[in-house]
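Reader: I am new to this structure and would like to go through it slowly, one question at a time. Could you show it to me?

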Amino acid sequence: MTDSNWWRQAAIYQIYPRSFKDSNGDGLGDINGITSQAEYLKSLNLDAVWLSPFYPSPLADGGYDVADYRNVDPRLGTLKDFDRMLKALHRVGVKVFVDIVPNHSSNQHEWFQEALKSAPGSPARYRYIFRDGKGKNGELPPNDWVSYFAPSAWTRTTNPDGTPGQWYLHLFAPEQPDFNWDNREVQLDFMKTLRFWSDRGVDGFRIDVAHAMKKDMSRINASYPKIDTFKVGNKGTDILFDRNETHEIFREWRTVFNEYNPPRVAVAEAYVAAPRRVLYARPEELGQAFNFDMLDLDFKAAAFKKTIDTNIKYAKEAGSSSTWVLNNHDRVRTATKYGLPDGTNLNEWLLSDGTSKKLNVELGLQRARAAVMMLLALPGCTYIYQGEELGLREVADLKHEDLQDPIWFRNVVKKIQPVFMKREGKTIKGVAVVHTEKGRDGCRVPLPWTRSGKSFGFGSGGSHLPQPSWFAELSVEMQSADNNSTLTMYRSALALRQKWQTTEDLEWIRTSNLEVVAFKRLNGWASFTNFRGVDFALPKGRVLMSSGPIKSGNKLPKATTAWMVLE
Ligand code: GLC
């Protein structure tokens with residue numbers, strides 16, 4: 001029987017299904033592709049995988065615009081394929097999380113389509129957030145609220161007779177209308193979805209934008225021109241984010257999770273400051289919440305140490321274990337981030353197609369390896385994003401015509417600037433559309449499985465986002481045969497971690513070098529990371545493994561982590 005606390009210190013691997021493995025050559029990764037790599041997943045020594053959305057979706061936001069919560073996108077397979085995949089992964093000892101997207105649906109969801117056809121004030125419209133516009137003829141949005149994907153959070157509808165109609169709220173793209181979580185029908189439908197997947201044998205759920213589900217629409221006349229969810233205060237009374245009533249939803253969900261044996265597990269994506277975030281992780285709610293604090297850190301010892309300390313403390317107070325995350329499908333990959341000068345504005349660098357600052361490829365990888373080994377030794381649960389185990393870098397120079405992310409399409413400004421008229425040979429002033437955000441496609445490029453072949457073994461066809469030629473040397477095939485590869489390091493570190501995993505306690509080890517982060521677990525398993533200092537003399541003991549070569553005399557060079565058993 002599975003221990004009901006199995007998730008507290010698990011290693012969980014995020015699969016972005018469209019970019020993992022394509023079984024039918026259509027350029028899109030799919031469910032059978034995942035099944036075909038069950039042995040690969042097993043070889044990583046994971047506890048579970050989390051699948052980003054694979055549901056029917058028009059892909060306005062990479063699948064986070066769900067048209068049917070209880071089905072598989074026909075381009076990715078069928079429910080039968082899903083069941084087969086689940087069985088195959090369970091057989092090799094890997095549990096499965098699916099992604100639940102409860103804040104919004106796709107505008108192609110049957111409920112939203114029905115709402116558009118129904119009258120203002122109808123029950124069909126009450127499942128979403130429709131409001132009349134302002135101005136003489138309702139031609140202005142109800143207020144100044146903005147969307148995460150910019151600019152306005154409101155889009156006007158067209159009535160069935162072609163006349164302009166009401167507006168609806170969307171905190172993300174216009175193709176992602178927000179649900180009305182005050183509506184019992186919406187609440188019940190999501191519990192049906194949780195049971196649907198739990199009944200099939202799914203072990204857990206990742207809850208998308210958990211902090212945004214409840215809104216205080218009685219304050220529709222209040223201004224809200226900028227989103228900064230880390231600063232919404234700590235009282236749970238903000239208009240749009242992290243409202244106290246949100247927790248009632250999750251307390252009810254917990255009763256659903258506990259209908260199963262072992263209870264289903266959940267992790268919140270709640271993009272708010274740590275003391276509020278852990279409230280979602282209370283045992284009577286979701287149980288766990290992503291700790292995103294490390295995603296914003298430069299590779300510096302003091303910052304990591306502080307983040308580790310505070311997150312362990314907050315998680316403990318909430319009755320949960322901390323989670324540790326360096327990469328996901330929304331962020332620039334660490335192997336790139338750590339190879340750029342400190343404080344680099346990553347968006348600007350991406351907009352320059354990776355040319356505005358020089359990337360130190362070797363250093364970036366060395367640091368990414370050191371960082372993940374440190375994370376894997378910490379008490380708590382580590383999330384790993386597909387491709388991280390290969391040391392993949394961000395693909396920074398994707399061509400504009402290949403980009404898919406709504407963040408790229410929606411963040412534009414029109415600028416008056418000189419335009420050269422080719423035919424007439426003169427320069428005039430024209431309006432150019434300038435994109436101000438590059439978006440997240442660069443970390444979502446399909447994985448390279450083999451060193452050659454049309455899409456490096458991703459599938460027999462192409463790849464929905466083009467892969468660069470340097471993917472060859474980072475392919476699974478190349479790295480499997482190499483004892484010093486990043487893939488081999490992940491496999492060994494994850495295996496050792498399983499062997500040494502122990503109670504959730506951490507003891508700091510004092511060192512005189514401020515660039516070294518050192519700690520041990522109560523069974524003697526210790527981790528030393530030299531961030532950027534001079535070579536650090538390791539204490540007496542047995543080195544279990546390290547993220548890079550250790551110098552003679554047991555000296556730990558910079559950007560390296562060593563695991564030891566202390567004498
Ligand atoms: C989450 C997802 C992100 C998505 C957004 C809207 O932040 O991680 O990829 O765009 O929610 O669903």
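Predicted model: local features only at pLDDT ≥ 70, side-chain atom pairs only at ≥ 80, totals over all residues.

Author: Residues are numbered from 1 along each chain as its sequence is written, and side-chain values use heavy atoms, with hydrogens and water left out.

Reader: Which residues come nearest to the ligand?

Author: A residue is near a molecule if one of its heavy atoms lies within 4 Å of it. By class, the shell around the ligand has four nonpolar, three polar and seven charged residues, where Asp, Glu, Lys and Arg count as charged, Ala, Val, Leu, Ile, Met, Phe, Trp, Tyr, Cys and Pro as nonpolar, and the others, Gly among them, as polar. Of the 14 residues around the ligand, those that come nearest are Asp61, Asp208, Glu269, His329 and Asp330.

Reader: How far is an oxygen atom of the ligand from an N or O atom in the side chain of Asp61?

Author: A polar contact here is a pair of N or O atoms within 3.5 Å. For His104, the distance from a side-chain N or O atom to a ligand oxygen is 2.9 Å, and for a polar side-chain atom of Asp208 it is 2.8 Å. For Asp61, the distance is 2.6 Å.

Reader: Which helix gives the largest share of the lining of the second largest pocket?

Author: Helices are DSSP runs (H or I, at least four residues), numbered from the N terminus. Helix 11 (361-377) and helix 13 (476-480) each supply at least two lining residues. The largest share, four residues, comes from helix 11.

Reader: Where is Pro262 found?

Author: The peptide bond from Asn261 to Pro262 is cis, with omega near 0 degrees. Strands are DSSP runs of E with at least two residues, and Pro262 is found in the loop between helix 6 (246-257) and strand 8 (265-268).

Reader: In which loop does Leu59 lie?

Author: Leu59 is a residue other than glycine with a positive phi, near 60 degrees. Its place is the loop between strand 2 (48-51) and helix 3 (79-91).

Technical notes:
Polar contact = N/O pair within 3.5 Å; in protein donor to acceptor, adjacent residues only side chain to side chain.
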